[in-house]
Amino acid sequence: MMKRIIGMVLASLLLLSCALEPTIQGPVDSSRKDADLTLYDATYTFGMSNGGPLAVTAKMLAFHEEEEEAVMESITFVGYEEDGHPFFQGSARHAIINTTTYDATLSEDVSLHHLDEEIQVFSDELSWSEKNQILSSPDHVASTIVIDGDITFRGKGLSIDFTTLAVTFEKVLEGRVSR
């Protein structure tokens, strides 16, 4: 009888110490299935196809295996060269990374800093093409780029080719050079 009471007390304590996290239902998106794996307040390292790893820290990180994507909320990230040297860092409120191609779309308060080239980019939406090494924003989104701290351009339709370091805008809204 005593073992049974102790067992019930232990089971009650275990049940009380575990809390179920309530699901917060947002707008229903019928095209997206539930995540195969969801992590909260997590750091995850993606092994990039042509270089070092990308370490991402996110409030929420959801992997969708069938769609081959990771959906993230409130993220910061650091990209490393193969030798472990960090060469870019940034943040965004939302991001989706294709887990096969490593193409990515970042949105809301996007900030990116390329450490080796002293290039900073700020936008509300940026897309990264891993294969082409091009960072771009849609034609309707204004973005700001700061180069070496003394050249600033703001425009719509930003494109940065990181193989040639060519920077173009579909439409320049303003620019400033202070050397």
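Are Phe46 and Phe63 buried or exposed? Select these two residues in the predicted model: both Phe46 and Phe63 are buried.

**Aromatic rings**

Display the rings of Phe46 and Phe63. Their centres lie 6.4 Å apart and their planes meet at 45°, so the pair is tilted. The pair links distant parts of the chain, with Phe46 in strand 1 (residues 37-47) and Phe63 in strand 2 (residues 53-64), 17 residues apart. The structure as a whole holds six aromatic pairs.

Turn now to the charged side chains, among which a search of the whole structure finds three salt bridges. Select Asp41 and Lys59, whose side chains meet in one of them, at 3.5 Å from N to O. Asp41 belongs to strand 1 and Lys59 to strand 2, so this bridge ties together parts that are 18 residues apart in sequence. Asp41 counts as exposed, at 58% relative accessibility.

Finally, select Arg93, Glu108 and Asp109, which are linked in a network of salt bridges. Between Arg93 and Glu108, the closest N and O atoms are 3.5 Å apart. Arg93 is in strand 4 (residues 86-98) and Glu108 in strand 5 (residues 104-114), 15 residues apart. For Asp109 and Arg93, the closest N and O atoms are 2.9 Å apart. Asp109 lies in strand 5 and Arg93 in strand 4, so this pair ties together parts that are 16 residues apart in sequence.

Terms used
Residues are numbered from 1 along each chain as its sequence is written. This is a predicted model: local features need pLDDT of at least 70, side-chain atom pairs count only at pLDDT 80 or more; totals for chains, interfaces and linings use all residues. Side-chain values use heavy atoms; hydrogens and water are left out. Rings of Phe, Tyr and Trp (its six-membered ring) pair if their centres lie within 6.5 Å; planes under 30 degrees apart count as stacked, over 60 as edge-to-face and the rest as tilted. Helices (H or I, at least four residues) and strands (E, at least two) are DSSP runs, numbered from the N terminus. Buried means under 20% relative accessible area, exposed over 50%, partly exposed in between (1.4 Å probe, protein chains only). A salt bridge is a side-chain nitrogen of Lys or Arg within 4 Å of a carboxyl oxygen of Asp or Glu.
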